[in-house]
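Please look over the structure before reading on.

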Amino acid sequence: MDKNGKILLATLSGIGAGIVAGILLAPDNGQTTRDSVKRSLTKAGEDMEKTIKSWMSKLEKSGTTGAGSTLVMHGSWDDVKGQLKQNYAELTEDDLTYAEGKEDELFGRLQVKLGKTKEEIVKLVDNIRSSLS
């Protein structure tokens, strides 16, 4: 994992140096340069997100991290949410609000409402997803 951390740090450093050089050497006006930088940062962020998700998936598959250390919704969250509502009438729409990157908040709400551990919640969601596939 240390090697991956160094690669990520080097990538981020390279991106930062490229942005600084681009700003300093940009022939365009300020607004055009800012728009260009914004697009570059957005693309870099999306690329990093894909890389990190790939690494987490590999770590889960190798057993280095526990199942469910990341929540990856394949298919429709609405289908999973519907099944959860059907199985647990006490769950509300607010309890089941899912936003990418805020999985821990979802797990926390479900833990409180259902009185289960995070691991039990992850297993429950994974089982529902598997049954719907």
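Is isoleucine 52 buried, partly exposed or exposed? Isoleucine 52 has a relative accessibility of 37%, so it counts as partly exposed, since that class lies between the 20% limit for buried and the 50% limit for exposed. The model is a predicted one. Its protein chain has five helices and zero strands, and a search of the whole structure finds five salt bridges.

**Fold and chain totals**

- Read from the N terminus, the elements of the protein chain follow the order α-α-α-α-α.
- The protein chain holds 133 residues, and 21% of them are buried.
- Of the contacts in the protein chain between residues at least 6 apart in sequence, 42% join residues at least 24 apart.

- Isoleucine 52 belongs to helix H2, which spans residues 30-62.
- Between isoleucine 52 and leucine 8 the C-alpha to C-alpha distance is 9.2 Å, while their separation in sequence is 44 residues.
- Val20, Leu24 and Leu25 make a nonpolar surface patch of about 360 Å².
- Valine 20 is part of helix H1, residues 2-25.
- The relative accessible area of valine 20 is 47%, so this residue is partly exposed; a patch residue needs over 30%.

**Salt bridge between aspartate 95 and lysine 113**

- Aspartate 95 and lysine 113 form a salt bridge through their side chains, with an N to O distance of 2.8 Å.
- This pair links distant parts of the chain, 18 residues apart: aspartate 95 sits in the loop between helix H3 (77-87) and helix H4 (103-114), and lysine 113 sits in helix H4.
- Aspartate 95 has a relative accessible area of 11% and is therefore buried, the limit for that class being under 20%.
- Lysine 113, at 34% relative accessible area, is partly exposed.

**Salt bridge between aspartate 104 and lysine 118**

- In the salt bridge between aspartate 104 and lysine 118, the closest N and O atoms are 3.2 Å apart.
- Because aspartate 104 lies in helix H4 and lysine 118 in helix H5 (residues 118-132), the pair ties together parts that are 14 residues apart in sequence.
- Aspartate 104 is exposed, its relative accessible area being 55%, and the limit for exposed is over 50%.
- Lysine 118 is partly exposed at a relative accessible area of 29%.

**Salt-bridge network**

- Lysine 85 has 33% relative accessibility and so counts as partly exposed.
- Glutamate 93 is also partly exposed, at a relative accessible area of 40%.

Definitions and conventions. Residues numbered from 1 in each chain as written. Predicted model: local features only at pLDDT ≥ 70, side-chain atom pairs only at ≥ 80, totals over all residues. Heavy atoms only, no water. Salt bridge = Lys/Arg side-chain N within 4 Å of Asp/Glu carboxyl O. Buried < 20%, exposed > 50% of the residue type's maximum accessible area, 1.4 Å probe, protein only. Helix = DSSP H or I, 4+ residues; strand = E, 2+ residues; numbered from the N terminus. Patch = residues over 30% accessible without salt bridge, like charges linked within 9 Å, V, L, I, M, F, W, Y side chains within 5 Å. Areas by Shrake-Rupley, 256 points an atom, 1.4 Å probe, with all protein chains shown as cover. Contact = heavy atoms within 4.5 Å.
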